[in-house]
Every structure is written in structure tokens, then in C-alpha cells.
Amino acid sequence: MPANPAARGSPPAQRLDVAGPDWAPDRPVDAIFCANMIHIAPWAAACGLIGGAGRLLPPGGPLLIYGPFSRDGRHTAPSNADFDASLRARDPAWGVRDLEGDILPVAAAAGLRLRADVPMPANNFLMVFEKEG
């Protein structure tokens, strides 16, 4: 099997700046997966990711976001509170995002609804959103 993904019919990886106004690829997408980004990037990146998913995904298409989240304004573990403080000390624009207070309102505005909330190892979650329509 060729080592180059493009040789197998898959396009090569692309660098995307989701905080930018037009990060969308020039082709349709069936799903979007993002791991360990929204807590180590400015809030604009989370908003851009979710807003872009709302524009790109077909009805029923999933946006999967993996990483740490706080819930209803509270950290899910003391280690996540420590991690959040460490992130914010490195860059005030970074930090563990709150699912209910931060993420769900942006998702709703983008036409996405939370379909599953899967606890994962190391106090992380896999949040599965679905494009409405």
C-alpha cells in the first residue's frame, strides 16, 4: 500500500486556522473530529470550529470534540482544575471550556445539538454534536 495518502485517493492533510474567517475546505465533509484543541487555543478557535462545522456538515453530520471540559461551571476533577489554572497562566486566552456555559450556546447558534457525552480516560470527554436539519 502506498505511504502517501493522496496515492490512495485521500487528499493530503491540510493546515487549517479555524479562528480565521474562511477555514473550510473546498469540498464537502461528512464529519469533523477535533482532539485536544479548544482548551489550548483562544476562544475564537472554538467558536470558529463550531461555526464552521455548522456551515460544512450535512444534516445529521457529526462534529466530535475530544478533550477536557468543565460542566455547569465546575471542573470534573481536581486535576482538571489544576490543568485549567496552568493553561491560563501560560496564556489567558487558553483554558478548559465549560460545556453548558460556553460550548452549548455556540453550538446551538451554529445549528448543532449535543447527541452524546462520552466520558473518556484522564478526565476527558468525547462530545458528539449533530447538525440539525
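Arg113 has a relative accessible area of 37%, which makes this residue partly exposed (buried means under 20%, exposed over 50%, and partly exposed in between, with a 1.4 Å probe and protein chains only). Please keep in mind that this is a predicted model, in which local features need pLDDT of at least 70, side-chain atom pairs count only at pLDDT 80 or more, and totals for chains, interfaces and linings use all residues. Residues are numbered from 1 along each chain as its sequence is written, and side-chain values use heavy atoms, with hydrogens and water left out.

**Salt bridges**

Side chains of opposite charge can pair when their charged atoms come close. Here a salt bridge is a side-chain nitrogen of Lys or Arg within 4 Å of a carboxyl oxygen of Asp or Glu.

| Pair | Closest N and O atoms |
|---|---|
| Arg71 and Glu100 | 2.8 Å |
| Glu130 and Arg115 | 3.6 Å |
| Glu132 and Arg113 | 4.0 Å |

Let's return to Arg113 and its partner. Glu132 forms a salt bridge with Arg113. This pair links distant parts of the chain, 19 residues apart: Arg113 sits in strand E5 (residues 112–120), and Glu132 in the segment after strand E6 (124–131). Helices (H or I, at least four residues) and strands (E, at least two) are DSSP runs, numbered from the N terminus. Glu132 is partly exposed, at 40% relative accessibility.

Next comes the bridge between Glu130 and Arg115. Glu130 belongs to strand E6 and Arg115 to strand E5, so their pairing ties together parts that are 15 residues apart in sequence. Glu130 counts as buried, at 19% relative accessibility. Together, Arg113, Arg115, Glu130 and Glu132 are linked in a network of salt bridges.

Elsewhere, Arg71 pairs with Glu100. Arg71 lies in the loop between strand E3 (69–70) and helix H2 (78–90), while Glu100 is in helix H3 (residues 99–109), so this bridge joins parts 29 residues apart in sequence. Arg71 is partly exposed at 21%, and Glu100 is partly exposed at 23%.

**The largest pocket**

A pocket is an open set of points on a 1 Å grid over the protein atoms alone, where a 1.4 Å probe fits, with protein on both sides within 12 Å along at least five of seven lines; lining residues have an atom within 4 Å of a point. The largest pocket is lined by 19 residues, and Gln14, Leu16, Trp23, Ile32 and Phe33 lie nearest its centre. Strand E1 (32–35) and helix H1 (43–56) each supply at least two lining residues, with E1 giving the largest share, four residues.
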